[in-house]
Amino acid sequence: MSLRSPLARARGLGAAHNGTHHWWVQRLTSIALAPLMLWLAYSFVSLATADYATVSAWLHSPINATLMLALIVTMFHHMQLGLQVVIEDYIHGAARKFVTLIAMKFVVALLGIGAAFSVLKVAFG
Amino acid sequence: MLLSITHRITGVGLAVGGVLIVWWLMALAVGPAYFAVVQKLLAHWVGRLLLLGWTWSMFYHLLNGIRHLCWDAGWGFDIPTARNSGLLVLVGSIVLTVGFWMAIYAVRGV
C-alpha cells in the first residue's frame with residue numbers, strides 16, 4: 001500500500017517533477033511554428049534578389065517585424081526543448097549531462113536574444 | 001524507424017542552421033557593408049548547399065511534425081497508415097524543397 005495521498009498520485013508529475021509541461025509546450029510551439037516557417041519560406045522567395053535597403057525596409061514593416069519576433073521566440077524555445085531531449089537521451093553521466101544542458105540553454109538563449117535584438121534594431125532604425 | 005531518427009537529426013541540423021538565420025539578421029543590424037559580405041557568402045556554392053540542406057530539413061521536420069501531431073491526436077497510428085504518411089512526408093519534403101528553390105531561381109534568374 002502506498003502512503004502517497006490520492007492527490008499526489010493524481011498529479012503524476014513524474015521523475016522530472018514537471019509533468020507533461022515540456023511535452024505540451026513542445027507541441028504548442030510546433031503548432032505556432034508551422035505557419036510561421038511557411039511565412040519565412042515565402043518571405044525568402046520574395047526577398048531572393050533583395051539588397052540591404054530592400055531587406056531593411058521589409059523588416060521595418062510592423063507586420064514583418066512582429067511575425068519575425070514571433071518566429072524567433074517560438075523557434076528558439078522549441079529548439080531548446082528539442083535539444084534538451086536529445087542531450088538527455090545521448091549524453092550520459094549526471095555531470096556531463098547537466099553541463100551540456102546548461103551550456104546548450106545559454107547558447108540558445110544568446111542566439112535568440114541576438115536575433116530578437118537585431119530585428120528590433122532594424123525595425124526601429 | 002529511419003524516419004523517426006531523421007526527425008531528430010533534422011531537428012539538430014535546424015538548430016545548427018538557426019545560427020545562419022541569427023547571423024543573417026545580425027548582419028542586417030550591423031549595416032550594409034557587412035550584410036553584403038554575408039549575402040555573398042550565402043550565395044557561394046557552400047552557402048547554397050547549407051541552405052539547401054536547411055530547407056529540406058525544415059520541410060521534413062515541419063511535415064513529420066504535423067504527422068506527430070496527428071498521432072498525438074490519436075489519428076493514423078496504425079501501421080499501414082503510419083507507413084503511408086511516412087512516405088507522404090518524405091515525398092512532400094522533397095517536392096516542397098524543389099518547389100522552394102525553383103521559386104527562388106525563378107525570382108533571381110541565376
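Begin by selecting Val119(A), which, leaving aside residues up to four places away in sequence, touches Leu59(A), Ala65(A), Met68(A), Leu69(A), Ile72(A) and Leu25(B), a contact being two residues whose C-beta atoms, placed from the backbone, lie within 7 Å. The model is predicted, so local features need pLDDT of at least 70 and side-chain atom pairs count only at pLDDT 80 or more, while totals for chains, interfaces and linings use all residues. Residues are numbered from 1 along each chain as its sequence is written, with chains lettered from A and ligands numbered from 1 in the order in which they are written.

Next, select helix 2 (residues 21-46) and helix 4 (residues 62-90) of chain A, whose axes come within 9 Å and cross at roughly 140°; helices here are DSSP runs of H or I with at least four residues, numbered from the N terminus, and axes are lines fitted to C-alpha atoms over the stretch in contact, with angles from 0 to 180 degrees between N-to-C directions. Where the two helices meet, the residues of helix 2 include Val25(A), Leu36(A) and Trp39(A), and those of helix 4 include Leu71(A), Met75(A) and Leu81(A). By class, this contact has eleven nonpolar, eight polar and no charged residues.

Now turn to the contact between the chains, which takes 25 residues from chain A and 26 residues from chain B. On the side of chain A that touches chain B, the elements that give two or more residues are helix 2, helix 3, helix 4 and helix 5 of chain A, and that side has 17 nonpolar, six polar and two charged residues. In these counts, Ala, Val, Leu, Ile, Met, Phe, Trp, Tyr, Cys and Pro are nonpolar, Asp, Glu, Lys and Arg are charged, and the others, Gly among them, are polar.
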